[in-house]
Amino acid sequence: MDIDNSLTAEEINKLRSLLAFYDHQLPFFNTNIKRYSLHQLSKYVCAYYQISLNELISHRRDRHLVNARRDLVYLATLFTPLSQNQMAKFLHRDHTAIIHYLRQPPVHAQTIKELCGLNEQ
């Protein structure tokens, strides 16, 4: 009996997007990464975007605030061992908002890492 193991283009695209998502999550499992608190990271992000912590955790949806939150969540996945629920609680959001932020590419996270001396080793 012959079994067809070929994948359709749609299935291949789904696998690629899933692998890209997990590649984004892999730095979390690296034990050599220096850890920071979420509060420290939020200070760096607020300083970069020139906003207050209250603005960062507010429910406003201005583009610069959303970008700041997205960068904070990205940095938090790299430098903290926190779960998505814990990050969401800090930002006064639901964990699904964190999932959404992680699916979007970070805006200025690389620049913030360089300016603040955040390193992964």
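Helix H4 is mostly covered, since 14 of its 17 residues are buried, where buried means under 20% relative accessible area with a 1.4 Å probe and protein chains only. The model is predicted, with local features needing pLDDT of at least 70 and side-chain atom pairs counting only at pLDDT 80 or more, while totals for chains, interfaces and linings use all residues. Residues are numbered from 1 along each chain as its sequence is written, and side-chain values use heavy atoms, leaving out hydrogens and water.

From its first C-alpha to its last, H4 reaches 24 Å, close to the 24 Å expected at 1.5 Å a residue, the expected span being 1.5 Å times one less than the number of residues.

Two packed helices are described by the angle between their axes and the distance between the axes. H4 (residues 63–79) packs against helix H7 (residues 109–116) at an angle of about 60°, with the axes 9 Å apart. That makes H4 oblique to H7, a word for angles that are not under 35 degrees (roughly parallel), over 145 (roughly antiparallel) or 65 to 115 (roughly perpendicular). In this contact (heavy atoms within 4.5 Å), Asp71, Tyr74, Leu75, Leu78 and Phe79 of H4 meet Ala109, Ile112 and Lys113 of H7.

Helix H2 (residues 38–49) also meets H4, and their axes come within 10 Å and cross at roughly 145°. The contact is made on the H2 side by Leu38, Leu41, Ser42, Val45 and Tyr49, and on the H4 side by residues including His64, Asn67, Asp71 and Phe79.

Terms used. Axes fitted to C-alpha atoms, helices over the stretch in contact; angles between N-to-C directions. Helix = DSSP H or I, 4+ residues; strand = E, 2+ residues; numbered from the N terminus. Buried < 20%, exposed > 50% of the residue type's maximum accessible area, 1.4 Å probe, protein only.
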